Amino acid sequence: MSNSHHPTEPETAGGAESLPAARPGTVAGSDGGGRDDDGRRSPVGRLAATVERLRREVRAAQAEADGRALIELAKGILVERLGCGPTQAARQLAELAEQAGMAPLEFAVEVINQASRDRLSEVATAFLANTAGGVESTDATESGSCAVRLRAAESGALAAPDTQTVAESLMEHALRPLGAEAVAIWALGGDGSLSLAGSAGFSVAEAGRWRYVPPGVATVARRGLGETTGHWIGSLSESGLPSIGRHQHPDGGRVAVPAGTGGRIHGVLEIVWPSPLEPQSPQIVRQVEALAELCAHTLETSAPRQPDGDGRPGVLPDVAELMDLADGLHDPALVLVPHLDNGGELVDFRIHHVNNRFLDPSGRPRGVVNGSLLLEAYPMVAGESELFEQIERVYATGEPFRARRVRLTALVDDVPLAAVADIGITRHGGCVLLIWRTENETARLASLLQHAQRLGRIGGFEENLLTGEITWNAQLYSLYGKTPASGPVPLEDLPAHAHPDDTVAIGRFLRTLLHHRRPASTAFRLQRPDGVTRHIRVVAEPELDSDGRLFVVRGAYQDISAHHWTEVALAATRDQLAHSEQQASERNRLTLQLQHAIMPPAQAPLDAPGLQVAVRYRPAETQQLVGGDWYDAVVLPSRLVLLCVGDVAGHGIDAATTMVVLRNALRGLAVTGAGPAQLLSWLNMVAHHLTGGVTATAVCGLYDPERHTLRWARAGHLPPVLVRDGEATPLPLVKGMLLGAVPQATYEEHEVQLAIDDTLLMYTDGLIERRDRSVEESLTQLLAAARTLRPTLEQQLDRLLTYSRSDTDDDTCIVGVRVA
């Protein structure tokens, strides 16, 4: 009896669409049926027709299987309700469907809806009611298929072995009839991450790229977590949010709906439309929410189970460990478990446990609070502090919440008691841990004020000029060296307690305050009864009554003795510093003169055949940072040209003198005819033994004008840059340790063949060094600047100095060589 319905009905009801026949076998000279020009069917056409026929059979079989599952479920309901056997239930189902004028499958879904009375029933009933009224459509077949599609999707989801199959079932039965193109089911992790649990309509590569989204990454799916009704987007390109399949349908509509049960979100259902999405009717919105609820049940059952509890009655599996954790905390804590209504909706949280350090804001004992519902014990948490909404969100998403000094209100005996608290909320399994540290705000502010007055040595006063009443606080009596029994001092008597030399300043203060009735302040020396003199600053402001008369003066005294003596000490220190700065400036001036005498900022042209040589030296911008950068360019007796730059570590006179030693030593060693590697090896010995442990870097090269070759070596220095045919590249980074680090060191030597118009640049790190980027990035910028050739070599070096992006205020040397 279950197979008595028409074969085409399950396919239509299940949401399968009649697709146009694929034509992979159609070629030039054949018709759409795969026939040649002479009317005979081609082999490719036959294969295409066979594939299409098999597709239709598979879709029909799937739809028929879904229909049989729903009809069998309806038969089971009739067996239970009517107390009959399966055969009688099948006959009864067919007769009732015939009497109602409905297809057996649609009538079976109606039986299921009436029996279940669940969310799917409500959605299907509302959709059918509005359809009948002409809201959605007047097509009876389309309206009747809504409930069938939802039940078919539910059947497929319940029978699916994994979430991937659920996604495919939802796509086939419920979403494709709505015009959707793809669907993704995201599982929410405990750390706030999203994992792709199932998808349909996306390529395998796209699904693989989006298999995991770390916590905090803004996507369409994550945006849907924070909105109860989901996040609906008309066009993905307008939202600017990344999401799965964004390259496939950049202008398509999107919707991300949280998938949750019992107030807890297990994941997100994301649906993709191929074209921009118009605002949907409430019926479609509720249908999508019902599908999200199906996904929530699937994600809930597929999630890893929590370990069992300790076997105590009434203890949930993950509460026992959380209770032990709360008892071990030094902060007050509550363990909350969700409280659901008969429909499975979250309505409140029950305070399952409070630890020994918990303090109720209203002072109630822990036994009164423990076991009660949160909104019953603290009804005001749903109001101004929005604490309850935060607890709901933490329980739903698993994302922890922290806040300092949150205002809480506890309502006890119709009296609201205000308090502030530092709040921490975290989810552990199916429970919530709430850390709630309260304090009395008024007492805390008073304590802070008292400490501030004591630390700042401040005393406050108020003087009523009409009644003569004067109020001092305890700190002001302490400043005056008086006891409260001796009484306060009126403002007009202030000169009698001050140093005689301060009488004029105090008189000006009183005249501004009492006569001109403006706020005033002054400093004076207070002579206390115990013979101690303190430096005091007094600040006061008048207050007028409604008639404009002065009647109250309020103000404060502050002991500024420490500040006064600090200023005296600072004045003496400034004098001493000025003398030291003058000495240091003179020393730096002499050092700079020495450096400029040996290292002029520019050098006369070098007389070398077929070679243009130019050098530039730029001192540090701060004269106190006299550095140790040096250069040299000289023609040796062998007619070879010595080219070198170096940088001594540090600044000041020691660096300058070391620079002189190394520069002169290299000149003397170069006349021996040794190569660059040997020269640096000897120079390393000089740096190590003769300069007191100072280290330095250097590049040394010997240019042969006849062969146009350059032999060079480096000691911990940046390699030279070769500019050829509009391209700038650094020479190879040959091995070489910095000078002076070890007694003996060997250096690698490299030779480069130069051509006409080649330009070679040697420089120190002051040209490129920056604090906010690496040496590699700075070197890349230098190469870009060096590509632009200038008419003369001097102009080229000047341009490099002008556009240098260095920000370390270090001195800079450049040696430029151009083959003529």
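A residue is called buried when its relative accessible area is under 20%. The structure described here is a predicted model. By this criterion Cys700 is buried, because its relative accessible area is 0%. Cys813 is also counted as buried, with a relative accessibility of 0%.

A disulfide is a covalent bond between the sulfur atoms of two cysteines. A search of the whole structure gives zero disulfides. For Cys700, the closest cysteine sulfur belongs to Cys644 and lies 5.7 Å away, which is too far for a bond; the cut-off for a disulfide is 2.5 Å between the sulfur atoms. Cys813 takes part in no disulfide either, as the nearest cysteine sulfur, again that of Cys644, is at 9.9 Å.

The largest nonpolar core contains 30 residues, and Trp630, Leu642, Leu662, Leu680 and Leu739 have the most contacts inside it. Two or more residues of this core are supplied by each of strand 18 (628–635), strand 19 (641–648), helix 20 (653–670), helix 21 (676–690), strand 20 and strand 21. Helix 20 provides the largest share, eight residues. The surroundings of Leu642 can be listed in detail. When neighbours within four places in sequence are left aside, Leu642 is in contact with Asp632, Ala633, Val634, Leu636, Leu666, Ala670, Cys700, Gly701 and Leu702.

The C-alpha atom of Glu706 is 8.8 Å from that of Pro609, although the two residues are 97 positions apart along the chain.

Helix 23 (residues 793–802) has buried residues at Leu793, Gln796, Leu797, Leu800 and Leu801. These residues lie on the same side of helix 23, because they span an arc of only 135° around its axis. The elements covering them include strand 17 (611–618), strand 25 (759–763), helix 22 (775–786) and strand 26 (812–819). A charge-ring arrangement was found for Arg799, whose charged end sits over the ring of Tyr803 at 5.0 Å from the ring centre.

Aromatic side chains were then compared. A pair of aromatic rings is described by the distance of the centres and the angle of the planes. The whole structure contains six aromatic pairs. One of them, formed by Phe349 and Phe388, is edge-to-face, with 5.9 Å between the centres and 65° between the planes. Phe349 belongs to strand 8 (residues 346–354) and Phe388 to helix 15 (residues 387–397), so this pair ties together parts that are 39 residues apart in sequence. Phe349 and Phe388 are both buried.

Phe461 and Tyr557 form a tilted pair, with a centre-to-centre distance of 5.3 Å and an angle of 50° between the planes. Because Phe461 lies in strand 12 (residues 458–464) and Tyr557 in strand 16 (residues 550–559), the pair connects parts that are 96 residues apart in sequence. Phe461 is buried, with a relative accessible area of 6%, and Tyr557 is buried, with a value of 2%. Phe461 and Tyr557 also belong to one aromatic cluster that includes Trp472, Tyr477 and Tyr480.

Conventions: Residues numbered from 1 in each chain as written. Predicted model: local features only at pLDDT ≥ 70, side-chain atom pairs only at ≥ 80, totals over all residues. Heavy atoms only, no water. Buried < 20%, exposed > 50% of the residue type's maximum accessible area, 1.4 Å probe, protein only. Helix = DSSP H or I, 4+ residues; strand = E, 2+ residues; numbered from the N terminus. Arc of directions from axis to C-beta. Contact = heavy atoms within 4.5 Å. Phe/Tyr/Trp six-rings, centres within 6.5 Å; stacked < 30°, edge-to-face > 60°. Lys NZ or Arg CZ within 6 Å of the ring centre and 35° of its normal. Core = buried A, V, L, I, M, F, W, Y, C linked by side-chain atoms within 4.5 Å.
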